[in-house]
Amino acid sequence: QVQLVESGGGLVQPGGSLRLSCAASGSIFSVDTMAWHRQAPGKERELVSTITSGGNTNYAHSVKGRFTISRDNAKNTVYLQMNSLEPEDTAVYYCNANVRRTSSGSLWNYWGQGTQVTVSS
């Protein structure tokens with residue numbers, strides 16, 4: 001089995017910064033695309049950012065220029081550096097990863113349990 005464990009959430013004032021981490025562990029041969037999603041109260045889950053194993057990135061328009069996604073392939077870990085945080089960024093942030101469990105196996109999709117980010121004065 002594969003587990004994704006997020007950390008780094010918390011309470012921050014508007015304009016502040018947080019760095020989220022998500023480590024994948026378990027029966028892993030390789031990790032393909034990793035991503036961060038978020039879900040605010042009363043809203044649907046939305047994609048925030050993605051990063052491929054080669055380092056290609058994409059961002060939602062609402063976070064472009066403020067958030068930076070990165071990864072450490074040796075540690076199977078993805079990060080989300082969030083700067084200039086706004087109250088609208090308040091949400092539960094979820095890590096997502098496509099994992100190959102064997103060299104010839106299919107890609108499996110996994111989710112973390114989520115970490116709360118609250119932006120408030």
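Predicted model: local features only at pLDDT ≥ 70, side-chain atom pairs only at ≥ 80, totals over all residues.
User: Why is the disulfide of C22 and C95 called left-handed?

Analyst: The torsion about its S-S bond is about -80°, and the disulfide is therefore left-handed.

User: What does the pair of C22 and C95 tie together?

Analyst: C22 belongs to strand β3 and C95 to strand β9, so the pair links parts that are 73 residues apart in sequence.

User: Why is C22 called buried, and why is C95 called buried?

Analyst: Buried requires a relative accessible area under 20%. C22 has a value of 0% and is therefore buried. C95 also has a relative accessible area of 0%, so C95 is buried.

User: Why is R45 called partly exposed?

Analyst: The relative accessible area of R45 is 37%. Buried means under 20% and exposed means over 50%, with partly exposed in between, so R45 is partly exposed. R45 lies in the loop between β4 and β5.

User: What makes R45 a charge over the face of Y94?

Analyst: R45 lies over the face of Y94 at 3.7 Å from the ring centre, where the distance limit is within 6 Å.

User: Which residue lies over the face of Y79?

Analyst: R19 lies over the face of Y79, at 4.1 Å from the ring centre.

User: What makes β8 a largely enclosed strand?

Analyst: Five of the six residues of β8 are buried, so the rest of the structure largely encloses this strand.

User: How do you know that β3 and β8 pair?

Analyst: Pairing requires at least two bridges. β3 and β8 have six bridges in the antiparallel sense, and therefore count as paired. L18 stands opposite M82 in β8.

User: How many bridges join β7 and β8?

Analyst: β7 and β8 pair in the antiparallel sense over six bridges. S70 has Y79 in β8 as its bridge partner. In the hairpin of β7 and β8, four residues lie between the strands, and N76 takes a positive phi near 50°.

User: Which members of the largest nonpolar core touch the most other members?

Analyst: Of the 29 residues in this core, they are W36, F67, V78, L80, M82 and Y93. Strands that each supply at least two residues of the core include β3, β4, β7, β8 and β9. β9 gives the most, with five residues.

User: With which residues is F67 in contact?

Analyst: Leaving aside neighbours within four places in sequence, F67 is in contact with residues including V48, Y59, L80, M82 and Y93.

User: Why is V99 called buried?

Analyst: V99 has a relative accessible area of 0%, and the limit for buried is under 20%, so V99 qualifies. V99 is found in strand β9. V99 and V2 are 97 residues apart in sequence, yet their C-alpha atoms are 8.3 Å apart in space. V2 is one of the contacts of V99, as are I28, V31 and W108.

Definitions and conventions:
Residues numbered from 1 in each chain as written. Heavy atoms only, no water. Core = buried A, V, L, I, M, F, W, Y, C linked by side-chain atoms within 4.5 Å. Buried < 20%, exposed > 50% of the residue type's maximum accessible area, 1.4 Å probe, protein only. Contact = heavy atoms within 4.5 Å. Disulfide = S-S within 2.5 Å. Lys NZ or Arg CZ within 6 Å of the ring centre and 35° of its normal.
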